[in-house]
Amino acid sequence: MLRLAWRNLLRTPGRNLATGGVVALVVFLSLVFLSVYAGAFDAFFRLLLERTGHLVVRVESYREKEDLEALTFAPPALPLPPGTQVEGVLEGQALVIAGERSRAAVLTGLEAGGLERQRKLLKAGRLPQASGEALLGEALARALKVGLGDEVVAYAPGGMGLGIFPFRVVGLLDLPETHLEARTLVVGLGDAQALLFPGRVTRLEIRLSGIGLYDQEPLEALKARLKPHLEGLTVETWLEANPLYAALLPLYDTVMALYVGIFFLLGGLILLNALYLSLVERVREFGLLSALGLTGRRVMALVFWESLLLVGVSALVGAGLGLLLHLELLDGFRLPLPQWILEQYREFGLPEVLYGRLGVKEVLLTLGYAVGVALLAALWPGYLASRLEPVEAMRYVP
Amino acid sequence: MSLLRLAWRSVLRQRRRTALLSLVVVYVTVATLFLLGFLDGYGESLVEAYAEYVEAPVAVAQEAWWADPDPEHGLKSLPTLAHPLVQAVSPRLSVYALLRSPYRLEGGLVLGVDPEGEKGLSRVPAKVAEGRWLRARGEVVLGQRLAERLDVRVGERLVVETGKAALGLEVVGLVRAGVSNVDFFGVYLHLEDAQALTGALATHLAVKVPRGREGAVAQALSRTLPPGLQAKGVWDLMGPIRADYEGSRLLYIPLLGLFMLLAAIAVVSTTYVSVRERLREFAVAESLGLTPWRLAGQVALEAALASGVGLVLGLLLGYALLWYTSTHDVFGPLMRMSVELLPESGLSEHLYTALRPAYALYAAGVVGLSALLALLFPGRLVLALEVPRYLKEG
């Protein structure tokens with residue numbers, strides 16, 4: 001049966017090449033699309049993780065609390081596994097004043113480790129090394145008309161600290177999002193505490209090494225270990241701390257399946273046409289086969305085999321080409337869009353260079369669609385072929 | 001019998017084949033209409049959000065202010081705008097400030113407006129969900145989500161500080177516009193209060209012009225404005241979200257082209273089989289005096305008619321779908337999620353697809369493409385037909 005099906009496919013090479021080409025193209029496009037989309041998704045979430053830390057400790061019910069006093073806490077000692085980094089962060093709103101100009105900004109006080117992580121964003125100057133030194137977002141510095149070495153004053157009333165603090169600008173930060181860059185003032189944790197709240201932090205960021213991007217199990221385990229040591233505090237994984245983004249994750253698979261389904265529906269309809277044409281061209285032949293004793297089920301199986309073979313070979317070619325391109329995407333790629341658009345995409349947290357990702361799940365989804373389409377498209381032509389009356393079929397004139 | 005009737009009869013002879021073929025064209029037509037309607041609807045929702053809520057259809061300011069939007073580059077005097085399409089003009093003064101409620105601090109961009117002038121220009125005054133719009137000095141209207149963050153309610157006081165001056169204002173209204181920038185960051189106070197905070201007259205003029213004419217009016221105004229002033233249309237006032245719209249068009253429209261090409265290939269494939277089955281019929285027709293090119297034309301016409309059937313059905317279905325999505329807030333949940341994720345984007349909570357007759361013309365591309373490919377491939381079979389051979393075979 002398989003050999004017969006294969007021979008039948010080779011009898012009309014032109015049409016089957018065109019149909020197979022469509023299926024291969026659909027498989028190829030699906031894999032490339034999935035790789036690019038997953039790459040973009042990962043970049044977006046990696047940035048979020050980098051900014052949040054794997055686990056975050058804050059005061060309990062912090063979302064309902066209002067004033068800085070209720071939102072800050074003295075950092076407790078935590079039993080953390082070796083290699084884990086914990087950093088205290090104090091964050092508050094401030095008005096940054098430079099001469100005649102002023103801008104509202106988010107003042108972030110970081111420990112040495114946190115400041116060190118700003119190094120890759122440093123566009124000019126250096127990291128703060130002493131009290132009274134600050135990093136400014138480049139856009140904020142531009143708006144305030146200040147540069148390296150200039151002085152700015154941070155005014156942040158309402159806390160238990162000094163409420164006003166002068167800083168010398170020692171470095172300028174280049175953040176992907178201009179709206180954040182225009183509101184970023186980073187200082188040492190000690191200075192932030194002197195300004196806002198002595199001895200306190202708004203959150204502790206815990207970073208672990210060797211954890212996969214979406215690997216939540218080790219985070220949940222550490223969370224459970226930390227809970228008894230956090231009186232009046234709460235610990236959240238980075239996804240829990242960003243519930244809106246977390247809500248996107250379960251949608252990912254559905255959206256992907258839908259997108260790929262749009263391609264495959266077209267491929268399936270074209271395949272259905274090709275199988276039907278193949279049937280009408282061979283009505284007399286099917287009649288003869290039936291007359292020679294081939295049962296309806298076996299005739300139907302023949303059509304199914306032809307469909308599966310055509311789609312199988314094409315899907316393999318498409319998947320091979322798709323995986324080859326994916327290997328290129330793995331090393332990094334830019335979306336094929338004008339530079340100005342890519343630069344603007346940075347404003348949404350999407351870097352210019354993305355890295356493709358294709359898991360077993362994505363490949364199986366694509367191949368599953370291919371097999372499904374092959375079976376569904378063969379259903380009706382197969383049924384028609386199996387119901388042909390031998391005598392009528394042999395007399396058939398198109 | 002005319003060529004058209006002949007072609008139509010041939011198409012109808014194989015009803016089942018034509019129906020199957022039509023499915024492909026219907027699918028591609030619906031996809032084309034829907035995607036074009038969605039992209040245009042997205043663009044229109046952005047224009048509406050920025051023209052009616054976040055910015056203005058056209059804004060006029062000093063060139064220096066466009067480069068460095070600080071009140072020090074504000075307007076020294078209010079220019080007269082002489083253009084027949086200008087429907088309303090109102091001065092605005094945008095100021096960076098710190099907002100202090102009894103509990104919280106928030107930084108933001110405060111917009112000083114003429115309360116009455118703003119009513120003729122922006123929809124924000126009409127979107128006050130609680131309290132009322134500005135009437136006099138000493139009042140402030142806030143975006144609802146900003147008010148929640150600041151934990152202030154109507155009737156409570158809010159301090160606006162700029163570093164040089166501060167004002168205690170009464171919250172008189174909360175706006176719920178369904179546009180992210182307004183609800184999350186909107187702060188509106190009386191123009192004279194903003195002037196008192198900064199010492200500037202106004203930073204820019206907001207100008208109302210008819211929809212779709214923003215760019216042209218901005219260009220025309222820029223030519224007649226005094227030196228140093230520049231007008232910008234709404235597309236130039238949009239933030240990075242414009243790139244998302246433009247990027248989507250650049251990615252999806254070629255994909256539509258590919259869909260159409262694949263549908264045309266399916267049509268031609270069917271036409272090819274149909275022509276091969278009827279080579280003897282074509283030979284007879286040629287022997288009766290029809291030229292090969294006329295017969296090839298008939299083949300192309302058959303392909304166009306076969307895909308045309310699908311096109312008509314696809315247009316009916318596609319426009320029905322577009323009508324539904326242009327009158328029902330189907331994308332509301334998706335947009336509301338996007339607004340929460342990207343509050344700075346200026347996205348609207350609602351997106352209705354556009355519905356334009358021109359989409360039918362674009363979708364009809366599949367018919368033209370099918371006819372062209374049919375002329376090139378099955379048409380060639382007819383052109384290379386050996387008439388005596390096929391006549392003898394009979």
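How many helices and strands does chain A have?

**View 1. Chain A, overall.** Chain A has 15 helices and 10 strands. Helices (H or I, at least four residues) and strands (E, at least two) are DSSP runs, numbered from the N terminus. This is a predicted model: local features need pLDDT of at least 70, side-chain atom pairs count only at pLDDT 80 or more, and totals for chains, interfaces and linings use all residues. Residues are numbered from 1 along each chain as its sequence is written, while chains are lettered from A and ligands numbered from 1 in the order in which they are written. The C-alpha trace of chain A spans about 100 × 50 × 35 Å along its principal axes.

**View 2. Contact between chains A and B.** Here 40 residues of chain B are in contact with 39 residues of chain A. Contact means C-beta atoms, placed from the backbone, within 7 Å. On chain B, the elements giving two or more residues are helix 2 (15–54), strand 2 (88–100), strand 3 (105–113), helix 10 (241–277) and helix 13 (332–341). Helix 10 of chain B provides the largest share, 12 residues.

**View 3. The two domains of chain B.** Domain 1 covers 3–51 + 241–393 and domain 2 covers 56–237; the bounds come from an automatic or database domain assignment. Their C-alpha centres lie 47 Å apart. The contact takes 15 residues from domain 1 of chain B and 11 residues from domain 2 of chain B. On the domain 1 side, helix 2 of chain B gives the most, with 4 residues.

Conventions:
Two residues are in contact if their C-beta atoms, placed from the backbone, lie within 7 Å.
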